[in-house]
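I opened a new model today and wanted to get my bearings. These are my notes, in the order I looked things up.

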Amino acid sequence: MLIKYGGASCDLNHGFISCLWTDPDKRRKGHAKRVLRKCIKWAEENKTTIDLSACPYRDRPMSLKQLVKFYSSLGFKETRRGIDSVHLEYKPRTTQGVSNV
């Protein structure tokens, strides 16, 4: 398996991704970016926000700082950080700056 995830859910108003992980021997080949780009495309098409929860795994392939840099490069914005996790959000370009309230 190339990519594992702890969970994902969505409806037409909101998406959630938790614990995306790539097998160590498959890392740095763009697999996670491809999966996330498909999620982003879906969010853009459906004008839907995605919340993402990320944390380093036991083998510590990336620090929290590196995780934020990785997800930020795809358009996610950090919303909060814990001791061992970070939460980020992706808002489609069509709704950025527009309140969903």
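Before anything else, a word I keep using: I call two residues in contact when they have heavy atoms within 4.5 Å of each other. I also remind myself that this is a predicted model.

**Entry 1: overall layout.** I counted 2 helices and 7 strands in the chain. Going along the sequence, I wrote the order down as β-β-β-β-α-β-α-β-β. The chain has 101 residues, and 36% of them are buried. I also checked how far apart in sequence the contacting residues are. Of the contacts with a separation of 6 or more, 53% link residues 24 or more positions apart.

**Entry 2: the core.** Which residues have the most contacts inside the largest nonpolar core? I found Leu36, Leu52, Tyr71 and Phe76, in a core of 19 residues. Then I looked at where the core residues come from. At least two residues each are supplied by α1 (31–46), β5 (49–54), α2 (64–72) and β7 (86–90). The most come from α2, which gives 5. I clicked on Tyr71 to see what it touches. Skipping residues up to four places away in sequence, I listed Leu20, Leu36, Leu52, Ala54, Phe76 and Leu88.

**Entry 3: strand β7 and its partners.** Next I followed β7, where 4 of the 5 residues are buried, so I noted the strand as mostly covered. How do β5 and β7 run? They run antiparallel, joined by 5 bridges. On the β6 side (residues 77–81), I counted 4 bridges to β7, and this pair is antiparallel too. A hairpin of 4 residues connects β6 to β7. One pair I marked here is Lys77, which stands opposite Glu89 in β7.

**Entry 4: Ser53 and His87.** Ser53 lies in strand β5, and its bridge partner in β7 is His87. Is Ser53 buried or exposed? Its relative accessible area is 15%, so I put Ser53 down as buried. For His87 the value is 19%, and because the cut-off for buried is under 20%, His87 counts as buried as well. I then listed contacts, leaving out neighbours within four places in sequence. Ser53 is in contact with Phe16, Ile17, Ser18, Cys19, Val86 and His87. His87 is in contact with Leu52, Ser53, Lys77, Glu78, Thr79 and Arg80.

**Entry 5: salt bridges.** Last, I looked for charged pairs. Side chains of opposite charge can pair when their charged atoms come close. How many salt bridges are there? I got 2.

- Lys41 pairs with Glu45, with the closest N and O atoms 3.8 Å apart. Both lie in helix α1, 4 residues apart, about one turn of the helix. Lys41 has 52% relative accessibility, so I noted it as exposed. Glu45 has 52% relative accessibility and is exposed.
- Glu78 pairs with Arg81, at 2.9 Å from N to O. Glu78 is partly exposed at 35% relative accessible area, and Arg81 is partly exposed at 45%.

Definitions and conventions
Residues numbered from 1 in each chain as written. Predicted model: local features only at pLDDT ≥ 70, side-chain atom pairs only at ≥ 80, totals over all residues. Heavy atoms only, no water. Core = buried A, V, L, I, M, F, W, Y, C linked by side-chain atoms within 4.5 Å. Buried < 20%, exposed > 50% of the residue type's maximum accessible area, 1.4 Å probe, protein only. Pairing = 2+ DSSP bridges. Salt bridge = Lys/Arg side-chain N within 4 Å of Asp/Glu carboxyl O.
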